[in-house]
Amino acid sequence: MTRQVLDTLELGKRPEGRTLISAAWVLGHRDGGHRLVSNGQLVIDGGEVIYVGAEFPGEVARRIDFGNALISPGFIDLDALSDLDTTILGIDHHPGWAKGRVWPRSYVEAGPYEMYSQEELAFQKRFAFGQLLLNGITTAAPIASLFYREWGETVAEFDAAADAAGDLGLRVYLSPAYRAGGMVLEAPGRMVPVFDEQRGLAGLREAVDYIGRQTGRHGDLVRGLLVPDRVETCTGELLRQTQAAAEELCCKIRLHMAQGSMEVDTVRKLHGSTAPVWLARAGLLSDRLIAPHATNATEEDLELYAANDVSIVHCPLVSARGGSTLNSFSKCRERGINIAMGTDTAPADMLMNLLVGLITCRINDQAPDRVRSADLFDAATLGGAKALGRGDIGRLAPGARADIAVFGLDDAVMAPSIDPITTLVTGGSGKVTQAVFVDGRLSMRFGEVAGIDMKAARQRAQRQFDGLIAKYPDRSWGHPPVSDLFPPSYPIEGNANG
Ligand SMILES: [Zn+2]
């Protein structure tokens with residue numbers, strides 16, 4: 001029955017008139033917090049939620065019952081994977097500097113180049129946006145690696161990304177990432193920062209122009225966010241001008257910091273302190289700042305975040321896989337720090353991240369009782385909305401935008417359903433996402449995404465990624481062949497000719 005009524009809706013479009021959706025559970029919002037409504041109903045009209053409760057008294061154009069499912073606010077992903085993830089190449093191949101993750105001097109001198117064409121850059125964002133929707137993510141602040149780039153991100157690919165968000169129906173906060181510097185590998189294991197401030201300032205000007213042109217497009221799905229790259233690639237002047245521009249544009253700033261030992265060492269050498277302390281002294285910590293990942297934050301750094309209303313973006317999957325962790329999620333909450341969530345890596349699965357976040361927090365706390373599944377769920381919804389300064393997303397209540405994810409609770413591979421939030425977080429997989437509405441538009445329906453054929457796109461993405469891997473020797477120390485950079489997990493036997 002669900003499928004039949006859903007199939008009458010046009011993918012990518014807002015249904016005409018009021019649509020009532022119901023399920024065993026609806027996660028509504030009242031008095032500042034989420035509320036579970038048993039056998040609940042939710043009514044959307046245009047792009048807005050007009051009712052959440054047990055029995056809608058008015059007339060509706062159609063009813064869709066999802067049965068044993070949770071109707072939830074869509075997830076807000078503030079470090080949203082938006083390329084074909086290259087960090088997975090490093091999962092079993094170390095150290096990063098020897099595996100193409102730091103530019104060797106020889107590559108810098110030969111002249112760094114874009115390893116993808118503009119068309120490929122545009123395609124990978126569209127494909128990644130589709131993956132986010134498949135996982136119930138309705139708002140995304142894209143992140144992509146700059147390692148395979150000539151320098152920063154380009155306006156052309158972000159113009160295409162804004163259009164992709166409009167075509168697919170994904171709420172986005174974005175502009176091209178810029179930087180005033182980078183790390184160069186001078187000898188095995190010896191990395192030094194190099195700077196070109198003018199290039200960074202030019203990147204900022206392009207981003208400001210982009211935000212001015214794009215904000216509000218596609219029915220306000222597209223908004224601006226200034227995204228200087230990692231803190232160690234920025235100069236003080238670039239960050240000061242970024243802050244001034246953000247104030248003028250009334251937008252937020254996302255800046256990676258307190259996230260790695262290379263960054264901590266580099267910033268200490270350059271500025272004599274940690275990055276948060278450096279920024280605090282410059283008056284650059286505020287509620288405008290959204291700062292992934294805080295995995296290397298000191299007590300003092302966290303105190304500064306709390307005192308200045310800086311939001312953290314927690315991406316537990318990519319952090320834990322790299323051997324680091326936010327220590328800890330519960331302690332940061334107790335300090336009063338707002339925590340948002342991010343996927344940042346493949347798979348772009350928020351539920352998987354919530355499970356890893358729950359597990360790593362409990363390991364760090366050495367106790368199971370300081371964090372609950374709902375705390376992680378709050379971060380992926382209300383925490384993200386707060387970081388963006390929005391009271392109309394990340395929650396389902398009358399007047400909120402109709403950004404909705406429907407998660408099945410009776411999937412054969414999942415744990416028995418007890419409490420829907422605990423079950424979903426413990427299940428750890430976004431594959432149970434059945435439907436996604438963004439701003440009232442049906443953006444995803446049982447694996448079908450508006451504006452893209454995900455099966456065909458997956459094949460194209462693989463070809464594109466294989467082409468990128470073939471170029472890795474160009475920018476790896478000593479230029480070893482791919483087979484030495486990324487040897488297989490086990491020796492490969494069989495016909496070498498295929
Ligand atoms: Zn990140």
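At what angle do the axes of helix α14 and helix α15 cross? The axes of α14 (residues 373-388) and α15 (residues 420-427) cross at roughly 80° and come within 9 Å. The model is predicted, so local features need pLDDT of at least 70 and side-chain atom pairs count only at pLDDT 80 or more, while totals for chains, interfaces and linings use all residues. Residues are numbered from 1 along each chain as its sequence is written, and side-chain values use heavy atoms, with hydrogens and water left out.

**Helix packing**

- Axes are lines fitted to C-alpha atoms, for helices over the stretch in contact, and angles run from 0 to 180 degrees between N-to-C directions.
- Ser373, Ala374 and Phe377 of α14 make the contact with Ile421, Thr422 and Val425 of α15, where contact means heavy atoms within 4.5 Å.
- The residues of this contact of α14 with α15 comprise four nonpolar, two polar and no charged; Ala, Val, Leu, Ile, Met, Phe, Trp, Tyr, Cys and Pro count as nonpolar, Asp, Glu, Lys and Arg as charged, and the others, Gly among them, as polar.
- The axes of α13 and α15 come within 7 Å and cross at roughly 95°, and these two helices are therefore roughly perpendicular to each other.
- Here the contact joins Leu351, Leu354 and Leu355 of α13 to Leu424, Val425 and Thr426 of α15.
- The contact of α13 with α15 consists of five nonpolar residues, one polar and no charged.

**Zinc site**

- Asp79 (OD), His256 (NE2), His293 (NE2) and Asp344 (OD) are the protein donors of the zinc ion, at 2.1 to 2.5 Å from it; donors are N, O and S atoms within 2.8 Å of the metal (3.2 Å for Na, K and Ca), and water is not among the atoms, so sites may look incomplete.
- The arrangement is irregular because the four donor atoms subtend angles of 84 to 177° around the zinc ion.
- His293, in the loop between β14 (289-292) and α10 (299-308), and Asp344, in the loop between β16 (339-341) and α13 (350-365), are 51 residues apart and link distant parts of the chain.
- His293 counts as buried at 4% relative accessibility, a class that means under 20% relative accessible area (1.4 Å probe, protein chains only).
- Asp344 is also buried, with a relative accessible area of 14%.

**Ser330**

- Ser330 is placed in helix α12 (residues 329-335) and counts as buried at 2% relative accessibility.
- Leaving aside neighbours within four places in sequence, Ser330 is in contact with Cys361, Asp365 and Arg370.

Technical notes
Tetrahedral: all angles 85-135°; square planar, octahedral: opposite > 155°, others 65-115°. Helix = DSSP H or I, 4+ residues; strand = E, 2+ residues; numbered from the N terminus. Buried < 20%, exposed > 50% of the residue type's maximum accessible area, 1.4 Å probe, protein only. Parallel < 35°, antiparallel > 145°, perpendicular 65-115°, else oblique.
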